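Reader: Could you walk me through how some helices pack in this protein, one question at a time?

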Amino acid sequence: MTLPSQRLGSGPGGELAEPGFWQRPPAERLAAFARLRALDSPVFVPEGGGRTGHWALVRHADVQEASRLPKVFASAPGVTTPEPARWVRALFGDSMVNLDGADHAQLRKIVQRAFTPRLLAAAEADIHAVAARIVDDVLEHRPDEFVSAVSSRLPLEVICNMMGIPERYRAEIADRVNHASENIGVERGLASRLRMPGRGLRALARMQRMVAGIGRERRRNPSDDLISALVCANVDGQALGARQLGAFFSLLMVAGVETTRNAITHGLALLTDFPAQRDLLLSDFEKYADGAVDEMIRHSTPIIQFRRTVTAEHTLRGHVFVPGDKVVLYYASANRDEAVFPDPDSFDITRSPNPHLGFGGGGPHFCLGAHLARVEMKALFRELLTRPVGLRAVGLPDLAGSNFDNRVRSLRFAFERP
């Protein structure tokens, strides 16, 4: 989209376009979003030196409305910033999050059918076993870095177990996931921008080749796992092909692992920063755990934003969007909307209702893994908080400074009791 001349220059949305905006302290970024929410209509955020840009939807109601109108606010050609190049899509296949209409509905139906009650029950039992084993290891070895020792392990092990990934591949997959996602949405220098995309795409290609090979073997010899269910499915005569399986696995790894890992890590930091809320949770874990998990997700908002492309004229809060406009749904802002969440910057595990948009704003793209993510977080915090020794974060999380996800590189932690 070409930027009309009257939109050039520094406007209310210009702050979000500054290269260093996402490296600012979180409080400063949240204050900027609060200023944008106070405006009467969506603002334009210039990109590419002012030649292109997007409209920022920062209010809870606006993000919900756009999410529930996929025929107007389309996910194709891509939800990330920048959008995936055509050759990348041709090589790796389209992820479910970048599809619309019948293509998205058919793929989602195949995946949903594969999540049978039996598979989900087995996954939930496995989550509790993995959470207990991780905390056993923590208590035995006493590490001091939370992401590598705890929060990244749970979702990775659970998804690999559910998919049926052989143990011999898992260390390599974890390494590939880190390479594929480490610089998404992070402002980098020219040399790094030229070097890192190739590294990330190579990691993605190797990971997809690996899972495609497992898929071929499962077609010949099906097992009781999700890959077998996906490649042997018969939904309107269709199952997942090799590229579709690879794209879905990449989505699970980068989205399912990364988002849950970050929510868990932010959760420990929040319970440390708000000791009264931690005490309340410990006073009756089963009573308050569900609310605590949702409040951790709202407060941290693991996915900061997704992009949409306007396909039909539509008026939203006084502004007329036209086909070709780019729109960004800022979940991180919507989850702090004062019109929906009283005292939005506080961490309150009793917040009710809590209609956060941490899993999307509704509509056909609502997160398929929302239930499992909640189960994982609840199981892990039950183990972390109810064992004889307590854990607390030490210092601030080391944030990646990404405009895409609220990623934590590392978080130091310590034991409260010997």
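Author: Welcome! This is a predicted model, in which local features need pLDDT of at least 70, side-chain atom pairs count only at pLDDT 80 or more, and totals for chains, interfaces and linings use all residues. Residues are numbered from 1 along each chain as its sequence is written, and side-chain values use heavy atoms, with hydrogens and water left out.

Reader: How are α12 and α16 oriented to each other?

Author: Helices here are DSSP runs (H or I, at least four residues), numbered from the N terminus. The axes, lines fitted to C-alpha atoms over the stretch in contact, come within 10 Å for α12 (residues 242-273) and α16 (residues 370-386) and cross at roughly 40°. Angles run from 0 to 180 degrees between N-to-C directions; those under 35 degrees count as roughly parallel, over 145 as roughly antiparallel, 65 to 115 as roughly perpendicular and the rest as oblique. The two helices α12 and α16 are therefore oblique.

Reader: And how are α6 and α16 oriented to each other?

Author: The axes of α6 (residues 117-141) and α16 come within 9 Å, crossing at roughly 30°. By the angle classes, α6 and α16 are therefore roughly parallel.

Reader: Which residues of α16 meet α6?

Author: Contact means heavy atoms within 4.5 Å. On the α6 side are L120, A123, E124, I127, H128, A131, A132 and V135. Their partners in α16 are H371, L372, V375, E376, A379, L380, R382, E383 and L384.

Reader: What distance separates the end C-alpha atoms of α12?

Author: The expected span of a helix is 1.5 Å times one less than its number of residues. With 32 residues, α12 should therefore span 46 Å. The model agrees with this, as the end C-alpha atoms of α12 are apart by 45 Å.

Reader: How many residues of α12 are buried?

Author: Buried means under 20% relative accessible area, exposed over 50%, and partly exposed in between (1.4 Å probe, protein chains only). Helix α12 is mostly covered. Of its 32 residues, the number buried is 24.

Reader: Is L57 buried or exposed?

Author: L57 lies in strand β2 (residues 52-57), where a strand is a DSSP run of E with at least two residues. Leaving aside neighbours within four places in sequence, L57 is in contact with residues including P42, V63, L316 and F321. Its relative accessibility is 0%, so L57 counts as buried.
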